Amino acid sequence: MRFDCKPGAVFLVDHTCVPVEDFDGEELLALGRKPSSRKVRVSFRKNRQVRVRRQNLTHDTLDNTEAAADLAHGERLSGKGALTRQRTIIADADANADDPRRAVDEQSCVTGRVLRAVGANHCLVQLDDGGSLDCVVRRVVRTMARDARNAVVAGDKVLVLPQANGTGVIERVEPRRTTISRGSGRHEHVIVANVDQALIVVSADEPPLKPALIDRFLVSAGKGNVHAIVCISKVDLVESIPLQSIAGIYARIGYDVVLTSAVTGQGVARLRELLSGRETVLTGQSGVGKSSLINGVLPELELRTSHVSSDGGKGRHTTRVAELLPLAGGGWIVDTPGIRQMQLWDVANGEVEGYFLEFRPFVPGCRFPDCLHTHEQDCAVKQAVADGLISELRYMGYLRIVLGE
Ligand code: GDP
Ligand code: ZN
């Protein structure tokens, strides 16, 4: 990230400076560098930006971008990272600087959904009016994405400019309604976008059931705004009574819980019902039985898959990238090795309690407003655990996330 935006460089909404010569004529036009455009000042705010110089501002004010921008007139900031609250960009006068969407010629474009992204540049797009198109991603779209590697992901809704040679160019990526992300170095790696729900698959045994892992997956789904379903697989391997009590913990919080076995067929009908007509991403460790569920439970998927998959018949389970697989009865399923770890991305410790839905009623009762419910005194959450109102298992799952275990 560069903040030394020199004359002749274009400052993009993701706070990067790009020399003008990096854009081709068409891209510059799209950026609005045309006679009718004018320079506009945009305020920006980096998450958790550290102020280099102490100021008489309250935290509340700092959180308010506009107020901070006003105050910036009367103060000097020093050091990199907080050079200014405003930047000059060249843009359409009416372009909304906070809107990551580019102005493009919509008339000549078609809309579609990314089935599969291949590397940073290519993807397969299912067009809304039928058919699919191999597409390249226009460079400016990549430049404008926060993480260049990730400008276009499976599930993205895109605007495509069809080319004479039968391919397409991705002109714009629409804002994502939901995401499933993981941390990748210092960047967010969005694995899939705009899915409705995540099927969190954990096995009753082999590998042994780890409720803390369910909790981690639940936080991740919550963060990405994705509805979560808990699926405990391989239930044929264990006694059902202890399993029922764990399933009950999640069911009482309000999650859909389904117990399945690819061997006995238990839970299969319910699972099919839960997935049908929806867009679902499967998450869970390797070996928990996701493939068996897909193959055995949804055999029609195999039939449909061959039309979409172009990896030389090796089958989708060797696929290293996220891919949307259409279900015969409507809806999609996404399975990807990238989701199996579900390393949490950008979840601050103080934010975790918000994703433990059953903690919420107790949080206001804690003595300290920034209580992390770990070592603090007069903690209403810990009291609720002691009173049996919050499951100990869930509290342990919470602690593991907050303490980084
Ligand atoms: P994935 O890595 O999550 O896709 O897991 P797989 O579907 O490849 O399954 C891993 C192993 O667990 C395989 O040896 C399967 O035969 C076995 N398995 C999968 N589902 C079940 C089940 O419901 N019951 C039992 N007993 N074994 C299962
Ligand atoms: Zn507390």
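A: Let's begin with strand 6 and strand 7 (residues 132-137), which run antiparallel and are joined by 5 bridges. This is a predicted model, in which local features need pLDDT of at least 70 and side-chain atom pairs count only at pLDDT 80 or more, while totals for chains, interfaces and linings use all residues. Residues are numbered from 1 along each chain as its sequence is written, chains are lettered from A and ligands numbered from 1 in the order in which they are written, and side-chain values use heavy atoms, leaving out hydrogens and water.

Strands (E, at least two residues) and helices (H or I, at least four) are DSSP runs numbered from the N terminus. Two strands pair if DSSP finds at least two bridges between them.

Look for Val-125, whose bridge partner in strand 7 is Leu-133. Strand 6 and strand 7 form a hairpin with 4 residues between them, where Gly-130 has a positive phi near 100°.

Now follow strand 6 (residues 122-127) to its other neighbour, strand 5: 6 bridges join these two, and they too run antiparallel. Here Arg-116 has Leu-124 of strand 6 as its bridge partner. Strand 5 and strand 6 also make a hairpin, this time with 3 residues between them, and Gly-119 in the turn takes a positive phi of about 65°.

Side chains of opposite charge can pair when their charged atoms come close. A salt bridge is counted when a side-chain nitrogen of Lys or Arg lies within 4 Å of a carboxyl oxygen of Asp or Glu, and this rule gives 11 salt bridges.

Which residue pairs with Arg-113 in a salt bridge? The partner is Glu-279, with the closest N and O atoms 2.7 Å apart. Arg-113 sits in strand 5 and Glu-279 in strand 15 (residues 279-283), so this pair ties together parts that are 166 residues apart in sequence. Are these two buried or exposed? Both Glu-279 and Arg-113 are buried; that word means under 20% relative accessible area, with exposed being over 50% and partly exposed in between (1.4 Å probe, protein chains only).

Another salt bridge joins Glu-106 to Arg-172, and their closest N and O atoms are 3.2 Å apart. Glu-106 belongs to the loop between strand 4 (86-91) and strand 5 (110-118), and Arg-172 to strand 9 (residues 168-173), so they tie together parts 66 residues apart in sequence. Glu-106 is partly exposed at 44% relative accessible area, whereas Arg-172 is buried at 8%.

For a further salt bridge, find Arg-270 and Asp-256, which meet at 3.7 Å, N to O. Since Arg-270 lies in helix 7 (residues 268-275) and Asp-256 in strand 14 (residues 256-259), the pair ties together parts that are 14 residues apart in sequence. Arg-270 is partly exposed, with a relative accessible area of 33%, and Asp-256 is also partly exposed, at 26%. Coming back to Glu-106, salt bridges with shared partners join Glu-106, Arg-172 and Glu-174 into one network.
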